[in-house]
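Reader: Please take me through one part of this structure up close. I would like to see which pieces touch there, and how.

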Amino acid sequence: MLEDPVLLSRWLTFITLGFHIIMATIGVGIPIFISIAELIGIKKKDHHYILLAKRWTRGYTILVAVGVVTGTIIGFQLSLLWPSFMQSAGHVISLPLFMETFAFFFEAIFLGIYLYTWDRFKNPIFHWMLSIPIVIGSSASAFFITTVNAFMNTPRGFDLENGAFTNVQPFVAMFNPAMPSKVSHVLTTAYLTGAFILAAIAAFHLLRGKTHIYYKKALHLAMIGCFVFSVATIVNGDISGKFLAYYQPEKLAAAEWHFETTDRAKLLLGGILNEDEQEVKFGIEIPYALSILAFNRPSAEVIGLNDFPQDLWPPLYIHYFFNLMIMIGMFLAAVSFIYLVFYYFNRFNSLNPWLLRAILLGGPMAILSIEFGWILTEVGRQPWILRGYLKVAETATTSGHVFEMLILFSLLYLALGILLPVILIRLFTKKSVESEIDKHHIIL
Amino acid sequence: MINDFIILILPILVVFISLAVFFIWVFKSKEPYSNSSKNTNVKGDT
Amino acid sequence: MIEYIGITVLWVFLYGYLIIGSIDFGAGFYSFYAKITNKKHTIRKVIDRYLSPVWEVTNVFLVFFMIGLIGFFPNTAYYYGTALLVPGSVALVLLSIRGSFYAFANYGARESNVYLFLYGATGLLIPAAFSTVLTISEGGFIIADESGVRLLLGHLFVNPYSWIVVLLAIVSVLFISASFLTYYANSAHDKEAFELMRKFTLIWGGPTILMSFLVFLTLSTHNPEHFQAMVEESWIFVLSLLSFLAALWLIYKKQQIGIAFSLVCLQFFFAFFGYGYTHLPFILYPYLTIYENITSPEMGITLIMAFIAGLFLLVPSLFLLLRLFIFDAEYVKGN
């Protein structure tokens, strides 16, 4: 195993991306909350919201810094570990890669300006306007990079003749069928994760006995985001199911352990698979649900795995990741829904400690769900790296030193993974909210 | 075809609609917990 | 035509990285130097005021170059990607340590000598690592045959040319950075920092030119073809030398420091573009040329269009950044 560059390259890519997507997701999700908090603060002349935006920005900046680092790593690692893939991809899908760098460039410039100009404008609305390029830049980066991933699932916009790419149409490649559902899902889940992390921080402080209205304002703002974006995530998650059923049926079938093509297909939750018999034990079955997920009709026919040659099956363990992702998504939606019901109906206390605990749990759960969903979609594409054209095994580096690099980068991520929370905690405990609010009063 | 609309157009609309709903909701809702904050600092002179 | 536009765009970005990156890398070194010699307040403040807002932008130039290279010349991904796994990974780890520790030290709570040391040391190691890619591009270190592409790391380590290039990279970084910080300290009316950085500029000026000559000399045996092309275009390198002498003269005389720094940029502009121009048509000698490995015209034209559209977005933004932090007298002074 230690000599197989393909497997090792997959592992190294896995840990790099697994680490990077945490930073990337938060980096895409949080700017909209910073921006809206600052705008509310300016419009309602409420300096609590301004302070909220400031403190969120501080944490955000450190995460972005680490995200820049891991993003640079994955940018280069794609070429270092998958040279043949990048060679092919370079021919067809380099446009969004190129534009992603532009979008990130744009974001980085304005983040630099935004951070250091809090008090440099007479009219604070000018400072708020600087946050718009950050929001656009970060979401646009997510958009462009997701188009590349979508392209790997549904490659379009070229002809392959004797190993050479001809008739290349960069925009067709970019706007491939997988793009809309993937982009939508990536963006709303990033907003959702950002919201839940911010809500979890506020809930944590409230649970610790802080009573300042600052935390309650933060919680409420974030929880509205949690609810709206969890609903959006469920909607486009459903659309993603329909996309899969239509364009990439083997991925859906593998995720659902759906072997025989049938109509009135059932949705399976959990279970243990006997692969030889293709039988499932201990699973919960929901009649018609898979047909509805796939085609919105209980009677629709869903293609099963047995219609595909077995060497093209994705690994079947993705079923569990699929289930876990959905369960966490439902949990997040339920928590935010309950919070809003409690909040709008005065009979309940929306700051109930048990509810706050559930919100606190929601933060790490949201990140886990991002990881599970990402594993589902990447492993579900196996054995292909460009579905139908190029297999993962054909494109890995032939170098014999991947194992050493795996160790090297693992140590790096371990160090960063320990230092990052330490630094963040130290940063936020050094200046408490209360002291900053008091200071602000003196200035006013 | 309805399927193409759902798969290729609708998801993009979902993003924009959810952003719009979020912004409007946050702006239209009244100040949260404003009547239960007597035990804390009163808001600034703003 | 597309191949020329493509390589020019890429080279401009690499030049941008060379200047901005050098300022950043060198500043890390001077920052550490100031700390251990207790000169904290003279140059640290100047360095921090410049670095804090712009450091993330630096990295993007590099990523941009890499992505652009793969976009315009996809085959480079295969050759360089396979060959550079080990040195590339090491450079990436150094870059990561530098970037994250800068953020930790700057936005985090505490200033730590360990962070500063890592920040300063990686500032010199990273340019050394990157410069070897240019060495490798001269040929002789990569073998491509039926069994794939391999890098002859051993050859690289015993080759005089590769070591001279590394030394040139390091002294250039220190020289460019010192001349910029001289200018910045001058604008900030920080006399102490100005004197110190001026001294460093004068100190590193000599080695920079010496190493450049040595690079010429060793290249003549390492890649005679490229050396011959350089001799034929020697006027460019003469211009580079003249810019250098003029810059050093102005800094020595303490006059027109802004122009002096521009002349340093010009010095490297001539040298870098002279080097790049005579390197053509090879991207990797002798395997990759820009003619045979250019991407399809459809993709090439689209990339150029995207690039132009991107410039309309970036140039005003960069202008704003520079206006607010580099050329804003009040900010530079620390008000």
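Author: Two residues are in contact if their C-beta atoms, placed from the backbone, lie within 7 Å. Keep in mind that this is a predicted model.

Start where two chains meet. Here 53 residues of chain C are in contact with 55 residues of chain A. On the chain C side, the elements giving two or more residues are α2 (40-72), α3 (75-83), α4 (85-107) and α12 (297-325). The most comes from α2(C), with 14 residues. Sort that side of chain C by class: it has 31 nonpolar, 19 polar and three charged residues.

Now turn to contacts inside chain A. Two packed helices are described by the angle between their axes and the distance between the axes. Take helix α2 (residues 47-81) and helix α15 (residues 402-430), both of chain A: their angle is about 165 degrees, and their axes are 10 Å apart. Angles over 145 degrees count as roughly antiparallel, so that is how α2(A) and α15(A) run relative to each other. Their crossing is right-handed.

Which residues make the contact? From α2(A) come Arg58(A), Gly59(A), Ile62(A) and Val66(A). They meet Leu416(A), Leu420(A), Ile423(A), Leu424(A) and Leu427(A) of α15(A). By class, the contact of α2(A) with α15(A) has seven nonpolar residues, one polar and one charged. Look for those side chains along the two helices.

Key: Residues numbered from 1 in each chain as written. Chains lettered and ligands numbered in written order. Predicted model: local features only at pLDDT ≥ 70, side-chain atom pairs only at ≥ 80, totals over all residues. Helix = DSSP H or I, 4+ residues; strand = E, 2+ residues; numbered from the N terminus. Nonpolar A, V, L, I, M, F, W, Y, C, P; charged D, E, K, R; others polar. Axes fitted to C-alpha atoms, helices over the stretch in contact; angles between N-to-C directions. Parallel < 35°, antiparallel > 145°, perpendicular 65-115°, else oblique. Left-handed = near helix turned anticlockwise from the far one by under 90°.
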